[in-house]
Amino acid sequence: MFDFLMTDDQKKLRDEAREFTRWVPKEMILAMDREEIQFPHEYLQEAGRRNLLGIRLPKEYGGRGLGWVDDIIVAEEVGVASYSLACLWGVGADIVCEAILEFGSEELKQAVVVPLLKGETFAAECLTEPRGGSDFFGAATKARKDGSDWIITGQKRFIVGAEGADWFLVYAVTDPSAPPHKRITAFMVPRIEGVETHYIYGLMGVRGGGAGRLVMNEVRVPERYALNGVNGGFDVFVRMMIPERLGTASMTIGSVRPALEIATRYTSRRKAFGMPIMNFQGVGFKVADCVMQLDAARSLCYTTARAVDSGTVHDNRVRRMVSESKKFVTEVAWDVANKCMQVVGGIGYTNVYPLERIVRDIRLSMIWVGTNEIMQLIIQNEWYKEYGKVLSKEQVRDVELDAENADKSEEKVYE
Ligand SMILES: Cc1cc2nc3c(=O)[nH]c(=O)nc-3n(C[C@H](O)[C@H](O)[C@H](O)COP(=O)(O)OP(=O)(O)OC[C@H]3O[C@@H](n4cnc5c(N)ncnc54)[C@H](O)[C@@H]3O)c2cc1C
């Protein structure tokens, strides 16, 4: 984040997050990438010990009661060490805990949020199924009522942290005959009888974070574990778009930042044709574009965080802005990571530098927490709604009328 926009407290917070990121043992990052570690308990324990999990959440549950601007400052720094670690840092505390605090009972807050923010337990968010992740309403996981309990059967896949999770936030169909937005319930499912996880994917990047398949076979949970009540899952899903997307955007900036730093150092030292390669426009201009792209990405994240923190921006516009942040930042990050690898040349493609890992890791950002095509769908929907309802009615100059032949209404054919 831009230091000139930070308060003194935010600068201290950033420095705390940087210190945490410097703490991360190199061997942990490499062992995760080699999948010798499949779930880094030690990392979450350390984050909890430093009170760096769920910093937006209320102090009474172990958070720091801060805002979204603070959160994106920390997320950027957390992203620097490794994308896989940052995913784990965000999923349990920022996403699942927020869902519980917003929609869950006091019992769940005490059972899940309090120990999770201390780094003692972990919770995974489980939407995606083998049959698809984009089509939320098409969920095939089902729950049937049995007395005051619900019995859940189904599968979820690509679940970050599944391997180490003690709790799972699971979306299941509870009323198949209801309209789509009233048929799904968000349950908190503990790791109990009937729950299995399988660490089965040969991931391109973001390894070692426990991403796996969750299989639920007749899992019995009490109705009070439903967030926002039975058939209230859609509201939980919509609300989680903010932490999923704004969190992903800001940590992605952090994860790609080292690529730019490596490229900057390398191109100022490496010589070709008798001079540092930064002097060739083909190299220096790429670095310049990366700097500009990351600054633009930060600006969008910051504006979006301010919009959410203000509490005065309409939900539809917030949804558009978090989706814009996610799409824009992740596409910028992919482009930046590739440009940085390009200017470092052949050695950038080896594991002498971590650029190849950054490229592999960053690719996920355009796919998870909703693909970028789904972001486009949301941006499109929210923009047309907002334009029709609000923007078209604002007292701004109607420039359409400033054309020479603007009055030729017979030429303005729409059907
Ligand atoms: C490493 C990793 C970690 C993940 N972590 C989690 C997690 O913790 N929890 C979780 O629930 N999920 C997780 N996911 C799943 C991820 O969110 C999904 O993969 C993603 O949402 C896409 O779902 P899908 O793979 O089923 O693709 P599909 O939904 O089948 O989509 C395939 C393609 O079709 C496009 N498409 C689909 N519908 C439309 C449409 N209406 N308009 C335009 N294009 C469309 C998509 O954009 C995509 O390009 C993770 C995935 C990976 C790889």
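User: Which domains each give at least three residues to the shell around the ligand?

Analyst: This is a predicted model, in which local features need pLDDT of at least 70, side-chain atom pairs count only at pLDDT 80 or more, and totals for chains, interfaces and linings use all residues. Residues are numbered from 1 along each chain as its sequence is written. The protein chain is divided into domain 1 (3–122), domain 2 (126–232) and domain 3 (234–388), with bounds from an automatic or database domain assignment. The shell draws at least three residues from each of domain 2 and domain 3.

User: Which residues are closest to the ligand?

Analyst: A residue is near a molecule if its C-beta atom, placed from the backbone, lies within 6 Å of it. The shell has 16 nonpolar (Ala, Val, Leu, Ile, Met, Phe, Trp, Tyr, Cys and Pro), two charged (Asp, Glu, Lys and Arg) and six polar residues (the others, Gly among them). Of the 24 residues that surround the ligand, the closest are Gly133, Ser134, Phe158, Thr371 and Glu373.

User: How many residues of domain 3 are in contact with domain 2?

Analyst: Contact is counted when C-beta atoms, placed from the backbone, lie within 7 Å. Twelve residues of domain 2 take part. That side of domain 2 has seven nonpolar, five polar and no charged residues. On the side of domain 3, the number is eleven.

User: What is the bridge partner of Ala123 in strand 4?

Analyst: Strands are DSSP runs of E, at least two residues long, and helices are runs of H or I, at least four, both numbered from the N terminus. Strand 1 and strand 4 (residues 167–173) run parallel and are joined by four bridges; pairing takes at least two DSSP bridges. The partner of Ala123 is Trp167.

User: Is Cys290 buried or exposed?

Analyst: Cys290 lies in helix 8. Beyond its neighbours within four places in sequence, Cys290 is in contact with Leu260, Val336, Lys339 and Cys340. A residue is buried if 20 or more other C-beta atoms, placed from the backbone, lie within 10 Å of its own, exposed if 12 or fewer, and partly exposed in between. Because Cys290 has 25 C-beta neighbours inside 10 Å, it counts as buried.

User: How far apart in space are Cys290 and Cys340, C-alpha to C-alpha?

Analyst: Cys340 is one of the contacts of Cys290. The two cysteines are 50 residues apart in sequence. In space, C-alpha to C-alpha, they are separated by 8.0 Å.

How values were computed:
Two residues are in contact if their C-beta atoms, placed from the backbone, lie within 7 Å.
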